[in-house]
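Here are my notes for you, written as numbered points. Keep the sequence and the model open while you read, and look up each residue as we get to it.

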Amino acid sequence: MDTGTANEIRNLWVKLENKVPSSVKGVIGFDGFIDEVVHVVDKRIDPKNYTRVLTLKDYGQRIVATSGLSSNVEIVTVSKKLGGNGPIMANALIKFGMKMSYVGAIGYPETNAVFKSIVERCENVYPVSDPSSTDAMEFEDGKIIRTKLSPFQELNFESIKQRVGLDVLASLLDECSLIGFEDWTLPPYSGEIWKGIYNEVLPILKNNTKGKILFFDLADPASRREEEVCDALQTISLYSKHYNVILGLNLREAVQIANILGGGFGYSEYDLKKLAEFIKGYINVNMLVIHPLKESCCLKDRVFCERSGPYCEKPKLTTGAGDNFNAGFLMGIALGASPEESLLLGMAASGFYVRNARSAGFEEIKRFLLLWANGKID
């Protein structure tokens, strides 16, 4: 790490010493999953021990070799936990100390036990539907997420109106300065929810929305039709008339969206500045954030910044790393940090998460920043 970046991280630490995360009040929705993180067995040694398939390439070759035949694939559950872009990000922000409410698929009429930590620590929770479920097949170079989405049939705007209420939604948006609309791709009625809130909730708000942060996460739109993606982007642009809108993308999502918009970008060789500028040329947002594995960037208005992160070659857990990055970045912006500082905070939050298989508390993330600045993390 160069001296300039190290000093920037130390300056961020100093700035955070005088910040109080509990001064920020947020509301997030709308997805919810029960995540089982699993490993694929390569060789079974005995009833309790095995070696795992380490890379996606090895797993892919094994699947391809099965063509025309059949094969049994054993998976082993490593952990079972709350999942979904919304709950994971909300959980991370709560760990930082922010005041948080959650609306969405966390169990209905009673919340599912897997979301106990959120229920106990959120100021308010508003269940709308049961959660969907996920097998996150983790490898050292990536992951495959297999989802079962039938409970999301009830996660729609009519259910939100009946089970939460427009007046409650309006009150939440009035009270909160940080709002997150998470996971457009997997819940099939996300677009309807976004439009419903815009058309029926925003007109009854009592407080001015100027300066409030509204964060959008599309979450890998590859399974959606291109016209649906374009419609979602248009809705995001509408919200930019009222809020300080931030769109967060990982590299895969950014390339997908850019190419839907007519770009010709690739995954292996990319110029983040050109990619960000191309996307933002089509989408009216205050900030566009892109976070590949080893670096991240932000384009605000016409000002571009990019920073490298504390990359971890052998992570303990990767599912949820992007959501922790988003939580760290948003905490930075909400507490008055610059986009550059917020990128560093986002990558610190993600870096802590993949090394410890959990989200950091506020004091933990500050200690991590110092270790990073002093070159003392793996």
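**Notes on the model**

1. Glutamate 140 counts as partly exposed because its relative accessibility is 34%. For that word, buried means under 20% relative accessible area, exposed means over 50%, and partly exposed is in between (1.4 Å probe, protein chains only).

2. Before going on, some ground rules. This is a predicted model, in which local features need pLDDT of at least 70 and side-chain atom pairs count only at pLDDT 80 or more, while totals for chains, interfaces and linings use all residues. Residues are numbered from 1 along each chain as its sequence is written, and side-chain values use heavy atoms, with hydrogens and water left out.

3. Now for helix H3, residues 85-96. Its twelve residues reach 17 Å from first C-alpha to last, close to the 16 Å expected at 1.5 Å a residue. (The expected span is 1.5 Å times one less than the number of residues.) H3 is mostly covered, with eleven of its twelve residues buried; among them are Pro87, Ile88, Met89, Leu93 and Phe96. Just after H3, glycine 97 takes a positive phi of about 115°.

4. Have a look at two cis peptide bonds. One joins glycine 29 and phenylalanine 30, with omega about 15°; phenylalanine 30 is in the loop between strand E1 (25-29) and strand E2 (33-46). Another runs from tyrosine 108 to proline 109, with omega near 5°. Proline 109 belongs to the loop between strand E5 (99-104) and helix H4 (116-121).

5. Positive phi turns up in residues other than glycine, too. Aspartate 183 has phi near 60° and lies in the loop between strand E9 (178-182) and helix H7 (190-201). Is aspartate 183 buried or exposed? It counts as buried, because its relative accessibility is 1%. Alanine 219 has a positive phi of about 65°, and its loop runs between strand E10 (213-217) and helix H8 (226-239). Alanine 219 is also buried, at 12%.

6. On to salt bridges: a side-chain nitrogen of Lys or Arg has to be within 4 Å of a carboxyl oxygen of Asp or Glu. The count comes to 21 salt bridges. Glutamate 17 pairs with lysine 366, their closest N and O atoms being 2.8 Å apart. That pair links distant parts of the chain, 349 residues apart: glutamate 17 is in helix H1 (residues 3-17) and lysine 366 in helix H13 (residues 362-373). Glutamate 17 is partly exposed at 38%, whereas lysine 366 is buried at 5%.

7. Helix H4 has a local example. Glutamate 120 forms a salt bridge with lysine 116, the closest N and O atoms being 3.8 Å apart. The two are four residues apart in H4, so about one helical turn separates them. An α-helix has 3.6 residues a turn, so residues three or four places apart point the same way. Glutamate 120 counts as exposed, at 56%.

8. Glutamate 228 bridges to arginine 225, with 3.6 Å between the closest N and O atoms. Salt bridges that share partners join Arg224, Arg225, Glu227 and Glu228 into one network. Glutamate 228 is partly exposed at 24%, and so is arginine 225 at 48%.
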